[in-house]
Amino acid sequence: MTLKILQFGATGQLAREVIRAAPAARATVQALSRAEVDVTDRDAVLQAIATTDADLVLNATAFGDVDGAESRQAAAFAINGEAPGFMAEACERRGLPLIHISTDSVFDGEKDGPYVEADPTRPISAYGASKRAGEVAVLERAPRAAVVRTSWLFSALGRNFLQIMLGLREHPSVQVVADQHGRPTASADLARFLLATAPRWVQAGAGDEAWGLLHFANAGDTTRLGMARAIFQIAGGAAPELVPTTTAAFNAAAARPVNAELDCARLNAVFGVTPRPWREALEEVMAEMRETAA
Ligand SMILES: NC(=O)c1ccc[n+]([C@@H]2O[C@H](COP(=O)([O-])OP(=O)(O)OC[C@H]3O[C@@H](n4cnc5c(N)ncnc54)[C@H](OP(=O)(O)O)[C@@H]3O)[C@@H](O)[C@H]2O)c1
């Protein structure tokens with residue numbers, strides 16, 4: 001049986017990976033772009049969910065500009081904080097499952113060790129606070145909702161750290177933050193997990209352990225500098241000198257957790273899934289990029 005997914009978001013890196021991976025997972029995705037449904041428009045969100053024949057709703061939208069969120073807090077909170085609540089309200093009315101994506105940025109980064117789902121949240125940026133507001137809105141309103149936190153997404157599609165680094169290839173030197181660590185995650189791996197798990201979510205009743213908070217990140221811990229080194233190693237050829245810098249010296253508008261590591265033990269316990277190492281996923285994504293460019 002083909003599973004139908006109503007997806008808010010069509011152009012983002014995760015949204016595009018879900019669309020790309022759907023046929024292999026025997027799923028169809030109706031992806032709504034911002035032009036079709038602006039998720040900050042409550043009536044439009046309610047209408048889209050009220051009239052869908054989908055089995056499951058996936059929110060792949062975000063105000064994802066972490067630094068920009070500091071000066072555009074109203075927009076960040078509307079998209080990341082309030083819109084997921086509209087989706088939860090509509091899903092609750094229709095009895096539909098809702099899968100919402102969140103982030104390591106709900107934590108302050110001060111924990112010594114990987115974060116588990118039950119750890120207290122304390123966002124240190126407007127982006128993190130807006131994403132936490134979205135988590136709360138979803139979990140309070142929808143009895144059949146999963147909030148999947150992920151981290152450091154990369155993909156051949158869209159703007160992300162991998163693309164930014166490759167874009168700096170011709171530069172003689174590039175400063176990269178060496179004191180933030182986390183788990184780089186392939187958007188494609190997350191997309192395939194979401195699609196593979198969708199049938200389980202469609203079957204699960206309220207109260208099932210499949211609902212609630214869940215961490216999904218590729219395995220292994222590294223720094224931004226470590227990821228940059230891996231990118232240029234895999235790319236081969238000319239590479240800039242990578243100059244380690246600190247979060248403080250980088251002086252970005254938004255604070256970022258120095259420890260963004262997500263523990264994925266619950267993912268394994270509930271769904272039997274262990275994500276592969278981030279480096280293996282990075283090699284695969286970069287190989288695909290080379291094939292596409294050839
Ligand atoms: N990127 C990361 O490193 C990272 C890390 C951890 C968690 N996450 C989470 O993972 C999820 C996916 O992130 P991503 O990197 O795929 O995001 P992304 O590439 O920034 O894409 C965001 C999508 O949201 C859409 N959107 C924004 N505002 C909208 C609105 N008002 N109405 C409808 N659509 C709207 C955008 O459409 P337009 O193109 O029209 O603006 C775009 O398609 C998000 O929940 C994000 O918070 C991301």
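Terms and values

A: Valine 148 stands opposite leucine 214 in E10. This is a predicted model, in which local features need pLDDT of at least 70 and side-chain atom pairs count only at pLDDT 80 or more, while totals for chains, interfaces and linings use all residues. Residues are numbered from 1 along each chain as its sequence is written.

Q: What makes E5 and E10 a pair?
A: Two strands pair if DSSP finds at least two bridges between them. Four bridges join strand E5 (residues 145-150) to E10, and the two run parallel. Strands here are DSSP runs of E with at least two residues, and helices are runs of H or I with at least four, both numbered from the N terminus.

Q: Why is one side of strand E2 and of strand E10 left without a neighbour in the sheet?
A: The open sheet has six strands in the order E2-E1-E3-E4-E5-E10, with parallel pairing. Strand E2 (27-32) and strand E10 (212-215) stand at the edges with a single partner strand each, so one side of each has no neighbour in the sheet.

Q: Why is the protein chain called as compact as a globular protein of that length?
A: The chain has 11 helices and 12 strands. Its radius of gyration is 19 Å, close to the 19 Å that the globule rule gives for 294 residues, so the chain is as compact as a globular protein of that length. The radius is taken over C-alpha atoms, and the rule is 2.2 Å times the number of residues to the power 0.38.
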